Structures are given as structure tokens and as C-alpha cells.
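Please look over the protein model shown below.

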Amino acid sequence: MGALPARGAGRRHWLARTAALVAGAALGATGRRAASAGIGPTGATVSQAELLALLAERFPQRYPLAGLAELELRAPALALHPETNRLGARLAAALSSAALPAPREGALEVEFGLRYAAEDRSIRAHGIALRSLDIAGLDAATATALQFWAPRLARRAWREVVLHRFEARELALLDGLGVQPGAITVTPQGLSVAWERKPTP
């Protein structure tokens, strides 16, 4: 393949040519699996349906709140925001406590960006921001306490959430040529992940 060209048009041409060769070999090696995963010459695509399928495996989750109550979060609905390159998620929530005669229902809403984690080939939530946590039927003191916990609860719930994980075989040829997943763009259909040259050690 030769040495990496100098900066400028030559380097861009080299990256494009390398990506095309890698993608062609990857598609040949992995067949239908790679094609369905959206592996292409310059990057990969991940559909909204694929994102939701992986998230469904991570929920429901239960979180204790200072030993006084427990909040259950269920599989989220996702909203794609290409204009800000972020995702929104709304999770049905249920608060349980010995002080409550029955669980109280509500919803948690968050917004976040995305990052690629090379250590496990995953795309993860990043820059998590709480939008709201509303639970119906709470007294004022409980509602105030819940709002205190809400931001850290949102970060805890989403900090380690994986939205997509590439298979090792999908990235093996990229890795051998010093190329890796790079910029992640939110589109109206899902995610677009561009290939980029690995940084020089």
C-alpha cells in the first residue's frame, strides 16, 4: 500500500482508495452480514432499528435512590437530531418505594452525542444531558428529592450504554491498514460512521 502521503489532496486520495479496497475485501469476506450492517467504501451506516434493537437488550434497568426508593427505566424510544448531531431518548420510568402504595409512572428524557470506543469497537453515548424526569402523583418533598437525583441518574443510566458494536471481522482489514471508524454523523435514518486514518503513535 506504501507510505502515507503528505497532507492535502494526495492524502485524501490515498484514504479514499484505501477505504474502497478495504470495504471491497470486507464485503467479500463477510458476505451478507457485512452488507446488512452497512459497511461501505468510505464508512458504515447504522439504522435506527439497529440502534433500538441493541438498546432493548440493556433495559429494563433498576436504580436505587439512597436506599429509599427504586427507579426502573424501560427500553427507550429514540429521536434523531441531525441538526445538532445528537440523539434524544425517552424512557418509561416507574418509581417504587415502601412509602408509596403503588409504583408511580412517568418518563425520563435525555439527549446525548456519540463517540467511538476503540477498545471494544463500540459506539457509545457521550455528553449526556438531562431534559426531564417527570413522575406523576408524587408529593412535593419526594418530587424535589427526585429532581436532585435526576441529573446523576441520567448520566449513570447512559454512561456505559452501547448503541452499536462492530464485529472484529468487520474491522480487521481496516485495522491492518491503519484505518478506523472516525466521525459519527446523525442522519434522518440513523448513523453514518466515516473511516479515518489512525493517529500516528
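In this predicted model, pLDDT (the predictor's confidence in each residue, from 0 to 100) stays under 50 over residues 1-5. For that stretch the model has 13 contacts beyond four places in sequence, a contact being heavy atoms within 4.5 Å. Because the model is predicted, local features need pLDDT of at least 70 and side-chain atom pairs count only at pLDDT 80 or more, while totals for chains, interfaces and linings use all residues. Residues are numbered from 1 along each chain as its sequence is written, and side-chain values use heavy atoms, with hydrogens and water left out.

**Confidence**

- Residues 23-36 also have pLDDT below 50, and this stretch has 16 contacts in the model beyond near neighbours in sequence.
- The protein chain has a mean pLDDT of 83, with 81% of its residues at 70 or more.
- Helices (H or I, at least four residues) and strands (E, at least two) are DSSP runs, numbered from the N terminus.

**The open sheet**

- An open sheet is formed by 3 strands in the order β1-β10-β9, with antiparallel pairing; two strands pair if DSSP finds at least two bridges between them.
- β1 (43-47) and β9 are at the edges and have a single partner strand each, so one side of each has no neighbour in the sheet.
- Between β1 and strand β10 (residues 190-197) there are 5 bridges, in the antiparallel sense.
- Within these strands, alanine 44 stands opposite valine 193 in β10.

**Glutamine 180**

- Strand β9 (residues 179-186) contains glutamine 180.
- Glutamine 180 has a relative accessible area of 16%, so this residue is buried (under 20% relative accessible area; exposed is over 50%, partly exposed in between; 1.4 Å probe, protein chains only).
- Leaving aside neighbours within four places in sequence, glutamine 180 is in contact with Ala194, Trp195, Glu196, Lys198 and Pro199.

**The nonpolar core**

- A nonpolar core is a set of buried Ala, Val, Leu, Ile, Met, Phe, Trp, Tyr and Cys residues joined through side-chain atoms within 4.5 Å.
- The largest one has 47 residues, and Leu71, Phe112 and Leu163 are among those with the most contacts inside it.
- Helix α4 (residues 140-158) gives the most to this core, with 6 residues.
- Not counting residues up to four places away in sequence, leucine 163 touches several residues, including Leu51, Leu87, Ile123 and Arg124.
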